[in-house]
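Have the sequence and the structure open as you read.

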Amino acid sequence: MKKSFFSVVATAFLFSAQSFAAVPSYQVNMRVGLKGQAPLAINTVAKSGKKTFISEFSDDGQSETLVEVFAKKSQVNRKEGIFMDVTVTKRVRGVKKASERAQIFAPENQEMEVGVGAKGRMAGNMSLAVMAHQL
C-alpha cells in the first residue's frame with residue numbers, strides 16, 4: 001500500500017515538473033521612454049503567460065518607474081514571435097503620475113518600436129522598443 005502511494009505521488013510530481021519546464025521563457029530587451037524622459041534600458045526574462053515586473057527608482061529615490069510585461073508566444077503572418085502586453089507606470093513620491101499601456105508583437109531577434117499617445121492622439125507619451133527571443 002505504501003509503495004503504490006509513493007509511486008502515485010512521485011508520478012504526479014514528475015508530470016507537474018515537466019509541465020512547468022514546458023512553459024517557454026523569453027529574454028526581453030526593452031527601451032522604455034515615458035513623457036519625453038530619457039529611455040530606460042530593461043533586460044529581463046519573462047515566462048509565457050506570467051506577468052513580470054521591473055521597477056527602477058531615480059537617483060534621488062523620489063520617483064519610480066514600474067514596467068509590467070505579459071509575454072506569450074504568438075504568430076503573425078506566418079512569422080513566429082512574441083506578443084507582449086506592456087504597462088508602464090510612473091510614480092513620484094508614491095503618487096501615480098502617469099500610466100501607459102502598449103501591445104506589441106516582436107518577431108524573434110528583430111527589434112520592434114511603437115509610440116503611444118494620449119486618448120488616441122499621437123502625443124508621444126510613451127515610446128517602446130522591444131527585442132526578444134525564446135530561451
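Glu64 has a relative accessibility of 15%, so it counts as buried, the cut-off being under 20%. Keep in mind that this is a predicted model. Arg91, on the other hand, is partly exposed, at a relative accessible area of 31%.

The side chains of these two, Arg91 and Glu64, meet in a salt bridge, with 3.4 Å from N to O. Glu64 belongs to strand E4 and Arg91 to strand E5 (residues 79–92), so the contact ties together parts of the chain that sit 27 residues apart in sequence.

How many salt bridges turn up in a search of the whole structure? The search finds four, and the Arg91 pair with Glu64 is one of them. As a general point, side chains of opposite charge can pair when their charged atoms come close.

Next, take Glu68 and Lys51: they form a salt bridge as well, and their closest N and O atoms are 3.3 Å apart. Here Lys51 comes from strand E3 and Glu68 from strand E4, so parts 17 residues apart in sequence get tied together.

Then there's Arg101 with Asp85, a salt bridge whose closest N and O atoms are 2.5 Å apart. This one links distant parts of the chain, with Arg101 in strand E6 and Asp85 in strand E5, 16 residues apart. Are the two partners buried or exposed, or something in between? Arg101 is partly exposed, because its relative accessible area is 49% and exposed would need over 50%. Asp85 counts as buried, at 15% relative accessibility.

## The four-stranded sheet

Four strands make up an open sheet in the order E3-E4-E5-E6, and the pairing is antiparallel. Strands E3 (51–57) and E6 (95–107) stand at the edges; each has a single partner strand, so one side of each is left without a neighbour in the sheet. On average, neighbouring strands in this sheet are turned by 20° against each other, ignoring direction.

Zooming in on one pairing, E3 and E4 are joined in the antiparallel sense over seven bridges. Glu68, the salt-bridge partner of Lys51, also shows up here: in E4, Glu68 is the bridge partner of Phe53.

With 40% relative accessibility, Lys72 counts as partly exposed.

What does Lys72 touch, once residues up to four places away in sequence are set aside? The list is Tyr26, Ser48, Gly49, Gly81, Ile82 and Phe83. Take Gly49: it is 23 residues from Lys72 along the chain, yet their C-alpha atoms are separated by 5.6 Å.

## Pairings around E8

Strand E8 (residues 126–134) is worth a look too. Nine bridges join E8 to strand E1 (residues 25–34), and the two run antiparallel. Within that pairing, Asn29 has Met131 in E8 as its bridge partner.

E8 is also joined to strand E7 (residues 112–116), by five bridges and again in an antiparallel arrangement. To find a spot to check in the viewer, go to Glu113, which stands opposite Ala129 in E8.

Note on methods: Residues are numbered from 1 along each chain as its sequence is written. This is a predicted model: local features need pLDDT of at least 70, side-chain atom pairs count only at pLDDT 80 or more; totals for chains, interfaces and linings use all residues. Side-chain values use heavy atoms; hydrogens and water are left out. Buried means under 20% relative accessible area, exposed over 50%, partly exposed in between (1.4 Å probe, protein chains only). Contact means heavy atoms within 4.5 Å. Two strands pair if DSSP finds at least two bridges between them. Axes are lines fitted to C-alpha atoms, for helices over the stretch in contact, and angles run from 0 to 180 degrees between N-to-C directions.
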